[in-house]
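Good morning, and thank you for coming. I shall present one protein chain today, and I ask that you keep its structure in view while I speak.

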Amino acid sequence: YPFTVYLDGSADLQSGSYVSIMYGSATAENGIYLENPYLRTEAGRSYVYVLGADGTLEKRYVTTGKSLWGSYTEILDGLTAEDFVAFPYGKHVKPGADTVESDLSELYG
């Protein structure tokens, strides 16, 4: 898919440099699109794990909408663009678990 990227002068790119573009969600007029692996279901209800007010994982039920390219699901209610969503897999992923805020560069070095 084609992308247009705008950079300010602090990027310090030179001829022959390259960049990687990663995206995880896109906002829409009626919701947020979240990559499908971040969504879980339980008894027919969709939920995500988010950073709770107390700094631990919170299980939050969401209302979903349409699918985008088979890879994203529209979130109509229960999540905002300001929420921090956790990747919901692993033996320590459960409500009340401790969290560590990070970005992709920290995860993949």
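How many residues lie between S3 and S4 in the hairpin that they form? There are 2 residues between the two strands, and Ala43 in the turn has a positive phi of about 50°. Please bear in mind throughout that this is a predicted model.

The secondary structure amounts to 1 helix and 7 strands, and from the N terminus the order of elements is β-β-β-β-β-β-β-α. Of the 109 residues in the chain, 20% are buried. The chain exposes about 8300 Å², and carbon and sulfur atoms supply 50% of that area. Consider also the contacts between residues at least 6 apart in sequence: 51% of these join residues at least 24 apart.

I now turn to strand S4 and its partners. S3 and S4 run antiparallel and are joined by 3 bridges. S4 also pairs with strand S5, residues 57-68, in the antiparallel sense over 6 bridges. These two strands, S4 and S5, form a hairpin as well, with 5 residues between them, and Gly55 in its turn has a positive phi of about 85°. S4 pairs with S7 too, again in the antiparallel sense, over 2 bridges. As for its cover, S4 is mostly shielded, since 5 of its 7 residues are buried.

Ser46 belongs to strand S4, which spans residues 45-51. On one side of the pairing, Thr41 stands opposite Ser46; in S5, the bridge partner of Ser46 is Val62. Is Ser46 buried or exposed? Its relative accessible area is 15%, and a residue under 20% counts as buried, so Ser46 is buried. Leaving aside residues up to four places away in sequence, Ser46 touches Leu39, Arg40, Thr41, Arg60, Tyr61, Val62 and Thr64.

Which residues make up the largest nonpolar core? It has 8 residues, namely Ile32, Leu34, Leu39, Val48, Val50, Val62, Ile75 and Leu79. The elements that give two or more residues to this core are S2 and S4. A second, separate core has 5 residues, including Tyr47, Tyr49, Leu57 and Ala86.

The structure holds 5 aromatic pairs. A pair of rings is described by the distance of the centres and the angle of the planes. How far apart are the ring centres of Tyr38 and Phe87? They lie 5.4 Å apart with their planes at 80°, so this pair is edge-to-face. Tyr38 sits in the loop between strand S2 (31-35) and strand S3 (40-42), while Phe87 sits in the loop between strand S7 (85-86) and helix H1 (104-108); the pair therefore ties together parts that are 49 residues apart in sequence. Both members are partly exposed: Tyr38 has a relative accessibility of 23%, and Phe87 has a relative accessible area of 46%. Tyr47 and Tyr49 form an aromatic pair that is edge-to-face, at 5.6 Å centre to centre and 90° between the planes.

The charged end of Arg45 lies over the ring of Tyr61, at 3.8 Å from its centre. The charged end of Lys59 lies over the ring of Tyr47, at 4.4 Å from its centre.

To close, I return to S4. This strand pairs with S5 over 6 bridges and with S7 over 2 bridges, and 3 bridges join S3 to S4. Thank you for your attention.

Technical notes
Residues are numbered from 1 along each chain as its sequence is written. This is a predicted model: local features need pLDDT of at least 70, side-chain atom pairs count only at pLDDT 80 or more; totals for chains, interfaces and linings use all residues. Side-chain values use heavy atoms; hydrogens and water are left out. Rings of Phe, Tyr and Trp (its six-membered ring) pair if their centres lie within 6.5 Å; planes under 30 degrees apart count as stacked, over 60 as edge-to-face and the rest as tilted. Helices (H or I, at least four residues) and strands (E, at least two) are DSSP runs, numbered from the N terminus. Buried means under 20% relative accessible area, exposed over 50%, partly exposed in between (1.4 Å probe, protein chains only). A charge sits over a ring if NZ of Lys or CZ of Arg is within 6 Å of the ring centre and within 35 degrees of the ring normal. Contact means heavy atoms within 4.5 Å. Two strands pair if DSSP finds at least two bridges between them. A nonpolar core is a set of buried Ala, Val, Leu, Ile, Met, Phe, Trp, Tyr and Cys residues joined through side-chain atoms within 4.5 Å. Accessible areas come from the Shrake-Rupley method with a 1.4 Å probe; for residues, only the protein chains shown count as cover.
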